[in-house]
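Me: I would like to go through this structure with you, one topic at a time. Please keep the answers plain.

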Amino acid sequence: MFRRDVQNLADVLNLCLRRNGLETPLLQHRLVDAWDRVVGPGVVAYTGEKFIKNQTLMVKIKNPALRQDLSMMKQRLITRLNGEVGSMIITDIKFY
């Protein structure tokens, strides 16, 4: 009788993504999608485009007063967004 090396499917998929260089882009996409859940519908109404460049989340905010309020909450937002994806994806947020 032979012994099989049984592995969890999630572990195999994560290993495959990591080997092919797809893990980071996938996590970045999940983090950008998490913005709406983290900040809520009130902020989402004033949010424009969002993207990640050099570990910095770039977010367009259409209201200057809201932009200033979010700037003061930057560190808390970084922590919550990284927590949503379970990995350290961003180190800064720039509001424009």
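Me: Which residue in β2 stands opposite I52?

Reply: In this predicted model, the residue of β2 opposite I52 is L57.

Me: Which residue in β2 does K50 stand opposite?

Reply: K50 stands opposite V59.

Me: How do β1 and β2 run, and how many bridges join them?

Reply: The two strands run antiparallel, with five bridges between them. Strand β1 covers residues 47–53 and strand β2 covers residues 56–61.

Me: What lies between the strands of that hairpin?

Reply: Two residues separate the strands. N54 is located in the loop between β1 and β2, and Q55 is found in that loop as well.

Me: Is N54 buried or exposed?

Reply: N54 counts as exposed, because its relative accessibility is 70% and the cut-off for exposed is over 50%. Q55 has a relative accessible area of 42%, so this residue is classed as partly exposed.

Me: Turning to the sheet, what is the order of its strands?

Reply: The order is β1-β2-β3, in an open sheet of three strands with mixed pairing. β1 and β3 are the edge strands, each pairing on one side only. From one strand to the next, the twist averages 20°.

Me: Which strands does α5 touch where it packs on the sheet?

Reply: α5 touches β2 and β3, and its direction makes about 120° with that of β3.

Me: A change of topic: how many aromatic pairs does a search of the whole structure find?

Reply: The search finds one aromatic pair. The pair consists of W35 and F95, with 6.3 Å centre to centre and 50° between the planes, and it is tilted.

Me: Why does the pair tie together parts that are 60 residues apart in sequence?

Reply: It does so because W35 lies in helix α2 (residues 23–39), whereas F95 lies in strand β3 (residues 92–95).

Me: Are W35 and F95 buried or exposed?

Reply: W35 is buried, as its relative accessible area is 0%. F95 is buried too, with a value of 13%; the cut-off for buried is under 20%.

Me: Which residues touch the most other members of the largest nonpolar core?

Reply: They are W35, L57, L81, I90 and I93, out of 22 residues in that core. The elements giving two or more residues to the core are α2, β2, α4 (64–72), α5 (74–85) and β3. The element that gives the most is α2, with seven residues.

Me: What is I90 in contact with, leaving aside its neighbours within four places in sequence?

Reply: I90 is in contact with L31, I52, Q55, L57, I78, L81 and N82.

Me: Finally, where is A45?

Reply: A45 is in the loop between α3 (41–44) and β1. With a relative accessibility of 55%, A45 counts as exposed.

Me: And how far apart are A45 and Q55 in space?

Reply: A45 and Q55 are 24 Å apart, C-alpha to C-alpha, and 10 residues apart in sequence.

Definitions and conventions
Residues numbered from 1 in each chain as written. Predicted model: local features only at pLDDT ≥ 70, side-chain atom pairs only at ≥ 80, totals over all residues. Heavy atoms only, no water. Pairing = 2+ DSSP bridges. Helix = DSSP H or I, 4+ residues; strand = E, 2+ residues; numbered from the N terminus. Phe/Tyr/Trp six-rings, centres within 6.5 Å; stacked < 30°, edge-to-face > 60°. Buried < 20%, exposed > 50% of the residue type's maximum accessible area, 1.4 Å probe, protein only. Core = buried A, V, L, I, M, F, W, Y, C linked by side-chain atoms within 4.5 Å. Contact = heavy atoms within 4.5 Å. Axes fitted to C-alpha atoms, helices over the stretch in contact; angles between N-to-C directions.
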